Amino acid sequence: MGAAFVVGVFGVLILAHATYSTIHYRELLKIMEEEFSGPPINVLFELLLGFVLCLWAALAVPGKFLSILPHSEENRIVSLPENLDFMIFNHRGKVFPTVTDLKLKH
Amino acid sequence: MVSKTEQTQLERLENQVDNGGGGAWEYLCLVRKLKVRRSEKVLKHGLSILNDHRKRSSLGSEEWTLYEQVAVAAMDCQCLDVAKDCINALMKRFPESKRVGKLEAMLLEAKGSWAEAEKAYSSLLEDNPLDQGILKRRVAMAKAQGDVSGAIDCLNKYLETFMADHDAWRDLAEIYVSLQMYKQAAFCYEELILSQPTVPLHHLAYADVLYTLGGLENLQAAKKYYASTIDLTGGKNTRALFGVCLCSSAIGQLAKGRNKEDKESELQSLAAAALEKDYKRRAPATLSLITTALKSLKVSS
């Protein structure tokens, strides 16, 4: 998780740097009195890289993926939980009680 | 729902805890999460945490959940003294709680003093007449006393109010099956399949009921539900594979005069092949038994 988090921070920094470069570029254009048609190619590349890094970090940092039970290859439902709300104590355990000397001490 | 990885995790933790490898609290949490009934082990390991002052205080407020879990486990093992002590500790902490009140009534149940337990439940219901847990306890109490028809009445009344409660539908279905009232059980399983369509075990149980009912139409439906169980379990359910074979054989016998069986013959031979493969892998010693059994059903090619 640590490495993925660092990568995420790095991605955000790259995105911030791309923003800064674009603003800088527009100011430059204003001085040169030219029209702004789009950011330069290296900024576009930076944007793409930052986006991919952030995406990867967002998928990796929060935790593992859970399987969708009816579709996963290995992890299917194998049994139902016991119906504990309807648990009854009047079973054969009453006739053969577990011999324990367990006690709650305080 | 207990999935394959959760089951292996539970088994691993159980082994580890039984051999003194620690991780008792994780084990107890998993038992609670998966709702499995491991009362003896919960009692043993839960008490060892509760008796260790340092471990107990490190749990923080989870301590009280553990008291409750151990109390129920102790009742299930008929260690009523331990249950009483746990409930007293909870009582001291939460004097007015309904949840503790329910535990006390359950203790009366475990002792077998039904009239007093009934009285306790009624007084709890007076404050909150729609408490699902307590209404369910009443059903369980009727069942524990052997009054199955009373339990059915009670459950039906409960299900009129709480129709979405699949646990209750499942319990009702199991009661009906135990009484051999298969038509009613089939209705309950239909409800279950509607509410949880992705759980293969409901499909399987419904198919079993239909197969038991018999008749050509029911058998054909049963075969379909066995097939859907195979689909949902990825072919890992042996019972469903056997079900398909048995259904096809029974359908073949019933529809002897009519010769339209060729259409579905592929499914049963595939199921038979899957069964043989499974037996070869997991129990090679019994492979000859299964081959003769499948031959006598005339399903294997």
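These legends describe close-up views of a predicted model. Residues are numbered from 1 along each chain as its sequence is written, chains are lettered from A in the order in which they are written, and side-chain values use heavy atoms, with hydrogens and water left out. Local features need pLDDT of at least 70 and side-chain atom pairs count only at pLDDT 80 or more, while totals for chains, interfaces and linings use all residues.

**Figure 1. Chain B as a whole.** Chain B has 17 helices and 1 strand. Helices (H or I, at least four residues) and strands (E, at least two) are DSSP runs, numbered from the N terminus. The C-alpha trace of chain B spans about 75 × 45 × 30 Å along its principal axes. Of the 301 residues in chain B, 45% are buried. Buried means under 20% relative accessible area, exposed over 50%, and partly exposed in between (1.4 Å probe, protein chains only). Contacts are heavy atoms within 4.5 Å. Take the contacts in chain B between residues at least 6 apart in sequence: 47% of them join residues at least 24 apart.

**Figure 2. Surface and charge of chain B.** Accessible areas come from the Shrake-Rupley method with a 1.4 Å probe; for residues, only the protein chains shown count as cover. Chain B carries 41 positive and 39 negative charges, and their mean positions are 5 Å apart. Lys and Arg count as positive, Asp and Glu as negative; His and the chain ends are not counted. Each charge is placed at NZ of Lys, CZ of Arg, CG of Asp or CD of Glu.

**Figure 3. A nonpolar patch on chain A.** Six residues are shown: Leu48(A), Phe51(A), Val52(A), Leu55(A), Leu59(A) and Phe65(A). Together they form a nonpolar surface patch with about 660 Å² of accessible area. Patches are made of residues with over 30% relative accessible area and no salt bridge; like charges are joined within 9 Å, nonpolar side chains (Val, Leu, Ile, Met, Phe, Trp, Tyr) within 5 Å. Phe51(A) belongs to helix H2 (residues 41-60) of chain A.

**Figure 4. Ser3(B) against chain A.** Ser3(B) sits in strand E1 (residues 2-3) of chain B. Not counting residues up to four places away in sequence, Ser3(B) touches Leu69(A), Asn75(A), Arg76(A), Ile77(A) and Val78(A). Ser3(B) counts as buried because its relative accessible area is 3%.

**Figure 5. Two loop residues with positive phi.** Lys35(B) is not a glycine, yet its phi is positive, about 55 degrees. Lys35(B) lies in the loop between helix H2 (24-34) and helix H3 (39-51) of chain B. With 40% relative accessibility, Lys35(B) is partly exposed. Gln78(B), also a residue other than glycine, has a positive phi near 60 degrees. The loop holding Gln78(B) runs between helix H5 (62-76) and helix H6 (80-93) of chain B. Gln78(B) is buried, at 17% relative accessibility.

**Figure 6. Lys33(B) and Glu6(B).** Over all chains, the whole structure holds 18 salt bridges. A salt bridge is a side-chain nitrogen of Lys or Arg within 4 Å of a carboxyl oxygen of Asp or Glu. One of them joins the side chains of Lys33(B) and Glu6(B), at 3.6 Å from N to O. This pair links distant parts of the chain: Lys33(B) is in helix H2 and Glu6(B) in helix H1 (residues 4-18), 27 residues apart. Lys33(B) is exposed, with 58% relative accessible area. Glu6(B) is buried at 18%.

**Figure 7. Asp18(B) and Lys41(B).** The closest N and O atoms of this salt bridge are 3.4 Å apart. Asp18(B) in helix H1 and Lys41(B) in helix H3 of chain B are 23 residues apart. Asp18(B) is partly exposed at 35% relative accessible area. Lys41(B) is partly exposed at 27% relative accessibility.

Figure 8. The side chains of Glu68(B) and Arg99(B) form a salt bridge, 2.7 Å from N to O. Glu68(B) lies in helix H5 and Arg99(B) in helix H7 (residues 98-111) of chain B, 31 residues apart. Glu68(B) is buried at 19% relative accessibility, whereas Arg99(B) is exposed at 54% relative accessible area. Elsewhere, salt bridges that share partners connect Glu14(B), Asp18(B), Arg38(B) and Lys41(B) into one network.
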